[in-house]
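Please keep the sequence and the structure in view while reading.

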Amino acid sequence: MDEWVEQVDEQDQESAVVLRSEAVRRGLLHRVAVTMCRDRDGRFLVHRRSEHVSRFPGHHEVAVGGAVAVGESYEDAAARELAEELGVRASVRFVTKFLNRSGLSPHWLGIHEAVIPVEVRPDRNEVVWHGWLAESELFGFMEQQLFTPDSGQVVDRYFTRVRPGPPTCRSAAPGDR
């Protein structure tokens with residue numbers, strides 16, 4: 001299913017409306033929102049994508065998310081994606097955004113966090129496995145499994161903003177807002 005997104009510039013200002021498939025195909029900047037999910041014990045949700053999804057089949061991810069629709073804020077998109085992909089409604093908190101050049105095409109990536117107080121019900125068409133990992137387990141798991149290209153950057157930037165200090169996975173690049 002294709003969706004309309006706003007093409008944006010290097011400062012994250014809208015310049016046009018395009019189909020996401022066109023943005024990806026032509027390498028046009030657009031917006032994506034993701035959420036790092038924790039449970040009440042502070043563990044992080046990790047999941048593996050279905051082998052049938054078009055983008056990074058079988059890869060693990062540390063965040064849930066997708067494209068920001070036309071007229072939608074990063075926060076609204078993050079909350080919508082949580083409901084669509086995990087079957088839960090939760091408040092999301094904006095953490096940071098950065099110009100991400102990894103993955104399928106360049107995009108502004110807004111990172112959020114949410115505490116998920118209920119059991120998740122992932123969309124089985126998109127998520128084939130999920131589990132909760134303590135922070136101490138997360139980094140080892142990421143070294144052992146195949147993750148989407150931006151997962152390391154998401155984790156680095158998330159922990160740098162939530163708990164300032166040295167990057168945790170890979171060197172964080174400048175450009176966070």
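**Orientation**

His52 is found in the loop between strand 4 and strand 5. The model is predicted: local features need pLDDT of at least 70, side-chain atom pairs count only at pLDDT 80 or more, and totals for chains, interfaces and linings use all residues. Residues are numbered from 1 along each chain as its sequence is written, and side-chain values use heavy atoms, with hydrogens and water left out. Helices (H or I, at least four residues) and strands (E, at least two) are DSSP runs, numbered from the N terminus.

**An exposed loop residue**

- His52 counts as exposed because its relative accessibility is 74%; exposed means over 50% relative accessible area, buried under 20%, and partly exposed in between (1.4 Å probe, protein chains only).
- Between the C-alpha atoms of His52 and Arg163 there are 36 Å, and the two residues are 111 residues apart along the chain.

**Helix 4 and its surroundings**

- Helix 4 comprises 12 residues, 151-162, and spans 16 Å from its first C-alpha to its last, close to the 16 Å expected at 1.5 Å a residue; the expected span is 1.5 Å times one less than the number of residues.
- Because 9 of its 12 residues are buried, helix 4 is largely enclosed by the rest of the structure.
- Among these buried residues are Gly152, Val154, Val155 and Arg157.
- The elements covering them include strand 3 (31-38), strand 7 (93-100), strand 8 (107-115) and helix 3 (135-144), where contact means heavy atoms within 4.5 Å.

**Aromatic rings and charges**

- Rings of Phe, Tyr and Trp (its six-membered ring) pair if their centres lie within 6.5 Å; planes under 30 degrees apart count as stacked, over 60 as edge-to-face and the rest as tilted.
- By this rule there are 6 aromatic pairs.
- One of them joins Phe44 and Phe159 edge-to-face, at 5.5 Å centre to centre and 70° between the planes.
- Since Phe44 belongs to strand 4 and Phe159 to helix 4, this pair ties together parts that are 115 residues apart in sequence.
- Phe44 is buried at 4% relative accessibility, and Phe159 is buried at 4%.
- A single aromatic cluster is formed by Phe44, Phe139, Tyr158 and Phe159.
- Arg157 lies over the face of Phe98, 3.8 Å from the ring centre; a charge sits over a ring if NZ of Lys or CZ of Arg is within 6 Å of the ring centre and within 35 degrees of the ring normal.
- The charged end of Lys97 sits over the ring of Trp108, at 5.3 Å from its centre.

**The hairpin of strands 7 and 8**

- Strand 7 and strand 8 pair in the antiparallel sense over 7 bridges; two strands pair if DSSP finds at least two bridges between them.
- These strands form a hairpin with 6 residues between them, and Gly103 in the turn has a positive phi of about 90°.
- Asn100 has His107 in strand 8 as its bridge partner.

**Two buried loop residues**

- His30 is located in the loop between helix 1 (20-26) and strand 3 and is buried, with a relative accessible area of 1%.
- Leaving out residues up to four places away in sequence, His30 touches residues including Val5, Arg20, His107 and Trp108.
- Asp39 is located in the loop between strand 3 and strand 4 and counts as buried at 8% relative accessibility.
- Leaving out residues up to four places away in sequence, Asp39 touches Val115, Ile116 and Trp132.
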